Amino acid sequence: MSDKTKAWNVALIQSDIILGQPAQNRERMETKMEQAVSAPEKPDVIVLSEMWNTGYDLNQIGSLADPDGKESRAWLASFARTHGVHIVAGSIAEKRGDKVYNTMLVFDRTGREVASYSKIHLFRLMEEEKHLAPGDRAVKFELDGIPSGASICYDIRFPELARTLSLNGTEVLFVPAEWPHPRLHHWRTLLMARAIENQMYVIACNRTGTGGRDVFFGHSLIIDPWGEIVAEGGEEEEIVTGRVDLGLVAEVRGRIPVFSDRRPSLYEL
């Protein structure tokens, strides 16, 4: 790993979402991304929240979703290439055939799409399973040669996914979300647990504002492999920034050799 990539400046776009208005949401998101790249400490990675293009307007999601993600992919790739920044583009409502998926898109500094991940675990309390199709695979990718993994909102309640990614070398887990009140304690605790038990960075971007009956509390987080909070947002719209020391993962894994001490043959009854 070169000196250039031993650390990342990360910007989390913690924003409200206008329900069912993809064009307006894209315009708002692009404005905030322009603000992020204009900061004195330009980010290496920009992270967006879950379903930022439509919000949870599930009753109309079939007509609102981006067909094959083409429009979103085009402008995100162009933005990444123009500004030389990685974009973990939260997730969008993406229509593929006659189904709609909750899909994360990831672009590198050159504008190349390096990953897409559709949410595996659909959240029944928001009736996702009635309107969205689940993804069928875990996804690992690299940014600046750093092994990274994808997880969306409810996925973090399933430690098997994060552990599978970490066992396959993942050092940074990205988590876009729409996580509402009153479950702030769950949000913070689960994210810290995923960081500690897998000895990896967890970078989580949550939305703010109100959608239907739900109030979303922000508190986007960057958590290091010790479980220490590097940066945390409040409950309003803001760009949450923090610096990620990518060499810390190997240091922590070397000091407490969790992966070497695993005994998987005993984990089945």
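Of the 269 residues of the protein, 54% are buried, where buried stands for under 20% relative accessible area, with a 1.4 Å probe and protein chains only. The structure is a predicted model, in which local features need pLDDT of at least 70 and side-chain atom pairs pLDDT 80 or more, while totals for chains, interfaces and linings use all residues. Residues are numbered from 1 along each chain as its sequence is written, and side-chain values use heavy atoms, without hydrogens and water.

A look at the overall fold comes next. Seven helices and 16 strands make up the secondary structure; these are DSSP runs, numbered from the N terminus, of H or I over at least four residues for helices and of E over at least two for strands. Along the principal axes, the C-alpha atoms fill a box of roughly 50 × 50 × 35 Å. Among contacts (heavy atoms within 4.5 Å) between residues at least 6 apart in sequence, 67% join residues at least 24 apart.

An α-helix has 3.6 residues a turn, so residues three or four places apart point the same way. After H5 comes Gly-169, with a positive phi near 95°.

Conventions. Buried < 20%, exposed > 50% of the residue type's maximum accessible area, 1.4 Å probe, protein only.
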